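Please keep the structure in view while reading, and find each residue as it is named.

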Amino acid sequence: MKETVLVTGGTGFIGSHTTVELQQAGYKVVIIDNLSNSSASVVDGIEKITGIRPAFEQVDCCDFAALEGVFAKYPDISGIIHFAASKAVGESVEKPLLYYRNNLNSLINLLELMPKYNVKGIIFSSSCTVYGQPSKENLPVTEEAPIQKALSPYGNTKQINEEIIQDYIHSGAPIKSIILRYFNPIGAHPTAFIGELPNGVPMNLIPFVTQTAIGIRKQLKIFGNDYNTEDGTCIRDYIYVVDLAKAHVKAMERVLETEDSDPVEVFNIGTGRGLSTLEVVEGFEKATGVKLNWEFAPRREGDIEKVWGNVDKANKVLGWKAEAKIDDVLRSAWKWQEKLRADGIQ
């Protein structure tokens with residue numbers, strides 16, 4: 001058994017898939033989550049896949065005393081993967097203080113506790129939103145591309161948190177960090193035991209697509225068809241959530257086992273390819289044979305026109321690469337939605 005890893009937001013979409021990959025790589029996992037956008041039943045799904053039930057503590061990372069209680073209870077934690085955050089671009093525009101409070105305080109609390117409990121490193125869940133709308137010459141965007149003014153409070157919290165990590169380690173804090181700037185995670189585990197299960201109306205494209213396909217939502221809206229792209233819709237780099245989860249395992253191995261790596265490293269995690277919203281919607285119909293009721297709607301504030309990643313650095317340094325085909329990824333999302341319906345959940 002390898003070291004123990006604390007996964008914050010571990011019952012969430014990316015956190016649950018990463019927990020699976022960590023366990024399958026031999027790590028012991030402790031999950032904390034306040035269940036604000038997930039369910040404790042996700043732990044059952046993780047156990048079904050791996051045969052191992054991760055420790056679970058219902059804790060809010062903004063509650064310093066409760067968070068410290070987790071470190072005291074599990075004194076062998078060596079590394080942290082920090083997912084816990086409010087994450088919807090549109091909602092962040094409407095509720096900026098919620099986003100600043102949740103997303104900044106949670107990280108500050110973790111960083112403060114790490115040296116006290118001899119935690120070696122933290123993998124931070126960042127986002128391609130830190131690049132804003134890259135200029136044409138910076139697409140596909142590399143890690144060296146300029147950080148631009150965020151177009152949403154959500155994006156701004158990612159930028160600020162990256163700066164907090166850099167400043168804290170620069171001050172002499174005895175920890176390491178890898179910052180993963182990832183693009184748009186989609187899909188579900190091939191077993192359909194875990195997947196994306198947002199509370200309320202989905203903020204992300206794929207769960208809205210699958211919920212429309214199965215009849216939960218009457219219609220899918222594609223926000224904006226007048227962007228400067230080939231079909232007028234936004235372009236994103238859609239990465240399979242299992243591929244993304246595997247990148248976190250590689251990052252954790254590097255933080256804990258590589259002595260000569262820099263104290264702070266940044267990696268893009270994506271496929272290196274951009275797909276438009278319309279391409280994804282039409283691709284879903286083709287991959288599953290299910291027709292969607294959709295229409296164009298006005299642009300949504302905070303959305304970036306087009307961004308996709310250059311992922312050469314992650315490929316070379318982490319030894320990681322996105323491997324899934326988009327058709328298979330879209331089918332996995334549909335299989336998950338059908339499983340939810342069969343289980344009477346949605």
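In helix 1, the residues Ser16, Thr19, Val20, Gln23 and Gln24 meet Val42, Ile46, Ile49 and Thr50 of helix 2. Sorted by class, the residues of this contact between helix 1 and helix 2 are four nonpolar and five polar, with no charged residues. The model is a predicted one, and the values below are computed from it.

**Helix 1 and helix 2**

- Helix 1 covers residues 13–24 and helix 2 covers residues 42–50, and their axes come within 10 Å and cross at roughly 30 degrees.
- Because angles under 35 degrees count as roughly parallel, helix 1 is roughly parallel to helix 2.
- The crossing of helix 1 and helix 2 is right-handed.

**Helix 5 and helix 6**

- Helix 5, which spans residues 96–116, packs against helix 6, which spans residues 153–170, at an angle of about 20 degrees, and their axes are 9 Å apart.
- Helix 5 and helix 6 are therefore roughly parallel to each other, and helix 5 passes helix 6 in a right-handed crossing.
- On the side of helix 5, the residues in contact include Pro96, Tyr99, Leu104, Leu107 and Glu112, while those of helix 6 include Pro153, Tyr154, Ile160, Ile164 and Tyr168.
- The residues of the contact between helix 5 and helix 6 divide into 14 nonpolar, four polar and one charged.

**Helix 7 and helix 9**

- The axes of helix 7 (residues 205–214) and helix 9 (residues 277–288) come within 11 Å, and they cross at roughly 40 degrees.
- The crossing of helix 7 and helix 9 is right-handed.
- Helix 7 contributes Leu205, Ile206, Val209, Thr210 and Ala213 to the contact, and helix 9 contributes Thr277, Val280, Val281 and Phe284.
- By class, this contact of helix 7 with helix 9 has seven nonpolar and two polar residues, and no charged residues.

**Thr229 in its loop**

- Thr229 lies in the loop that runs between strand 8 (220–223) and strand 9 (235–236).
- With a relative accessible area of 15%, Thr229 is buried, because buried means under 20% relative accessible area.
- The side chain of Thr229 reaches the backbone nitrogen of Gly232 at 3.0 Å.
- When residues up to four places away in sequence are not counted, Thr229 touches Ile235, Glu305 and Lys306.

How values were computed
Residues are numbered from 1 along each chain as its sequence is written. This is a predicted model: local features need pLDDT of at least 70, side-chain atom pairs count only at pLDDT 80 or more; totals for chains, interfaces and linings use all residues. Side-chain values use heavy atoms; hydrogens and water are left out. Axes are lines fitted to C-alpha atoms, for helices over the stretch in contact, and angles run from 0 to 180 degrees between N-to-C directions. Helices (H or I, at least four residues) and strands (E, at least two) are DSSP runs, numbered from the N terminus. Angles under 35 degrees count as roughly parallel, over 145 as roughly antiparallel, 65 to 115 as roughly perpendicular and the rest as oblique. A crossing is left-handed if the near helix is turned anticlockwise from the far one by less than a right angle, and right-handed if clockwise. Contact means heavy atoms within 4.5 Å. Ala, Val, Leu, Ile, Met, Phe, Trp, Tyr, Cys and Pro count as nonpolar, Asp, Glu, Lys and Arg as charged, and the others, Gly among them, as polar. Buried means under 20% relative accessible area, exposed over 50%, partly exposed in between (1.4 Å probe, protein chains only). A polar contact is a pair of N or O atoms within 3.5 Å; within protein, one must be able to donate a hydrogen and the other to accept it, and residues adjacent in sequence count only if both atoms are side-chain atoms.
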